[in-house]
Amino acid sequence: MGDVTQAAGSAARAAAERVARQSYGKLVAFLAARTRDIAGAEDALSEAFAAALAQWPGSGIPASPEGWLLTVARRRLTDLARHHKARDGAADHLSLMAQEAGSVGDGSDIPDDRLRLMFACAHPAIDRPVRGALILQTVLGLDAATIAASALVPPATMGQRLVRAKAKIRQAGIAFTMPDRVDMPARLDAVLEAVYAAFTQGWSDPTGMDQRRSGLAEEAIWLGRLVATLLPDEPEALGLLALMLHLEARRAARRDAGGGYVPLDRQDPALWDAAMIRQAEDILLGASHTGRIGRYQLEAAVQSAHAIRRFGHAPDWPMLEQLYDALLAITRSPVVGLNRAMVVARTRGPEAGLADLEPLHGDARLAGYQPYWAARAELLGRCARPDEARSAYDRAIALEDDAGVRAFLRSRRDGLDGGAA
Amino acid sequence: MKYMLIIYRDEAAFPDSRMAGDHSAAYIAYTEALKAAGVLAGGDRLQSSHTASTVRVEGGETQVLDGPYADTKEQFGGFYILDVPDLDAALKWAAKCPGAAQGAIEVRPMWVM
């Protein structure tokens with residue numbers, strides 16, 4: 001009985017949190033749209049949001065969550081405006097927000113400006129590394145400490161970056177508008193890049209031990225869904241969502257029972273989430289109907305080509321090579337070149353893969369990239385060049401922060417001994 | 001909102017004598033376009049940076065130094081003040097400024113009194 005009550009309690013908490021988050025982002029976007037004062041809107045909503053998280057699990061989610069939050073926020077705005085009055089121009093913003101908060105009745109018909117808010121957060125005038133964090137905070141209400149933990153920076157540093165970025169939006173006059181048609185591709189790409197950056201921070205925790213980091217991947221998927229829902233005709237928004245779902249579907253298989261790292265080709269596909277994979281496939285198919293291919297759709301297609309193992313099929317390696325060719329043409333990324341070389345090693349043998357890797361050797365962008373050295377070591381090992389393989393593994397191990405991955409790389413290196421001269 | 005477009009360009013690449021030619025024509029056309037759009041709120045071109053003097057008062061003493069405040073690869077050579085709705089509008093105008101193709105334009109919102 002105790003367990004049942006507890007489970008129901010945590011389900012109620014999760015539901016309350018979901019609704020509060022959804023309403024929170026809408027209200028920040030709504031309140032800040034005209035004044036561009038995100039910090040002011042967040043200030044006004046912070047108490048309301050905390051109150052909702054405390055009360056809703058017990059009292060139930062109100063019929064109009066937005067109306068509920070706005071009522072609490074309006075009182076706070078009136079207080080804040082009074083407090084600021086003599087000091088600065090912020091009082092005008094806050095009074096305007098208080099008026100707006102009072103103008104929407106039960107809150108059921110407030111406009112959804114979250115996409116405009118995201119475009120403002122990912123504006124080219126905002127420092128690129130902070131864009132994803134800014135979106136997580138303003139749209140989802142995540143605190144700086146949670147975001148900082150996944151970005152591996154001190155909370156105070158993250159807090160400062162976020163404050164500065166919000167001040168820039170307000171002071172530099174970055175508007176909450178939809179980009180025009182000419183600017184749309186580049187501006188959307190910036191939003192998608194920010195969302196994907198948040199996802200990879202959550203996903204690049206292969207041991208899955210850090211709850212806060214893995215939670216971030218789910219939040220990013222939520223954002224990806226939101227963007228795809230609000231821009232259903234943008235194939236790249238759908239492509240990114242499909243890509244994240246494909247990767248997330250493998251979460252349970254990415255570590256063994258002891259918490260050890262398991263690379264993709266050794267994962268047990270039975271542990272992959274089949275429902276999530278099917279969802280990713282449907283979304284990717286929808287994107288392909290627009291006939292406008294792009295980076296995220298291609299990356300999702302790469303993951304799709306691996307995902308068929310879940311349904312008992314072997315990956316189609318020649319097709320993977322083609323997908324990487326197309327990706328390379330779009331991105332010119334050395335990481336794509338690296339992945340392509342690994343596919344070539346499967347289709348035409350390790351010597352051919354190693355030969356394709358050769359032009360990348362000495363690329364400054366890869367010198368500090370662990371997967372490059374691990375891949376090189378792997379191919380050297382298969383080409384019976386154990387000494388070079390060993391030193392490449394050493395390099396990879398030295399570059400890896402995660403203990404689980406380091407242990408995996410060490411075991412691969414030590415496995416070379418048998419073949420050593 | 002008012003923004004200042006601060007024009008930086010390499011003076012060595014644009015000696016004063018050449019400024020009278022195509023370069024000036026491009027600026028005249030740009031300025032006319034700003035006027036026609038009703039966004040121009042001010043602006044001027046400066047003499048080259050070797051004409052600059054830099055003044056500071058330290059401990060009650062006035063010090064005057066020959067030359068510009070910052071010795072940079074590209075020099076501050078002129079400015080426009082625009083009155084436009086938001087940063088995107090200011091950035092679009094900055095991209096059209098002849099100086100954007102020859103140097104760089106810094107776009108700064110003006111302080112609201």
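Tutor: Buried area is the accessible area, taken with a 1.4 Å probe, that two parts lose on being put together, summed over both. By that definition chain B and chain A bury about 690 Å² between them, and carbon and sulfur atoms supply 47% of this area. Before going further, please keep in mind that this is a predicted model, in which local features need pLDDT of at least 70 and side-chain atom pairs count only at pLDDT 80 or more, while totals for chains, interfaces and linings use all residues. Residues are numbered from 1 along each chain as its sequence is written, chains are lettered from A and ligands numbered from 1 in the order in which they are written, and side-chain values use heavy atoms, with hydrogens and water left out.

In terms of contact (heavy atoms within 4.5 Å), the interface brings nine residues of chain B together with twelve residues of chain A. On the chain B side, the residues that lose the most area to chain A are B:Leu87, B:Asp88 and B:Lys92, which together make up 54% of what that side buries. Three salt bridges are counted between chain B and chain A, a salt bridge being a side-chain nitrogen of Lys or Arg within 4 Å of a carboxyl oxygen of Asp or Glu. B:Lys92 takes part in a salt bridge with A:Asp183, where the N to O distance is 2.6 Å.

Consider next the chain that carries B:Lys92. Chain B holds three helices and six strands, where helices (H or I, at least four residues) and strands (E, at least two) are DSSP runs numbered from the N terminus. Their order along the sequence is β-α-β-β-β-β-α-α-β. Strand S1 (residues 2-9) of chain B runs antiparallel to strand S5 (residues 75-83) of chain B, with eight bridges joining them, and two strands are said to pair if DSSP finds at least two bridges between them. Within that pair, B:Met4 has B:Ile81 as its bridge partner. S1(B) also pairs with strand S6 (residues 104-109) of chain B, again antiparallel, over six bridges, and here B:Ile7 is partnered by B:Ile105. Of the contacts in chain B with a separation of 6 or more, 76% are between residues 24 or more positions apart. Buried means under 20% relative accessible area, exposed over 50% and partly exposed in between (1.4 Å probe, protein chains only), and 34% of the 113 residues of chain B count as buried.

A nonpolar core is a set of buried Ala, Val, Leu, Ile, Met, Phe, Trp, Tyr and Cys residues joined through side-chain atoms within 4.5 Å. The largest such core has 119 residues, and those touching the most other members are A:Leu31, A:Met118, A:Val227 and B:Tyr80. Helix H9 (residues 184-203) of chain A gives this core its largest share, ten residues, and at least three residues come from each of domain 1 (1-106) and domain 2 (113-231) of chain A. Beyond its neighbours within four places in sequence, A:Met118 contacts A:Ile135, A:Val139, A:Val191, A:Leu223, A:Leu226 and A:Val227.

Contact between domain 1 and domain 2 of chain A takes 18 residues from each of them, and the two bury about 1500 Å² between them, 63% of it on carbon and sulfur atoms. On the domain 1 side, A:Arg21, A:Arg36 and A:Ile38 lose the most area to domain 2, together 40% of what that side buries. Three salt bridges are found across this interface. Elsewhere in the description of chain A, A:Asp37 and A:Arg170 form a salt bridge, with their closest N and O atoms 3.9 Å apart.

A:Glu42, in helix H2 (residues 38-59) of chain A, is buried because its relative accessible area is 10%, and beyond residues up to four places away in sequence A:Glu42 touches A:Tyr24, A:Val28, A:Gln137, A:Thr138 and A:Lys166. A:Glu234 lies in the loop between helix H10 (211-230) and helix H11 (235-248) of chain A and counts as buried at 19% relative accessibility. Leaving aside neighbours within four places in sequence, A:Glu234 contacts A:Met184, A:Leu188 and A:Arg292.

Notes:
Domain bounds come from an automatic or database domain assignment.
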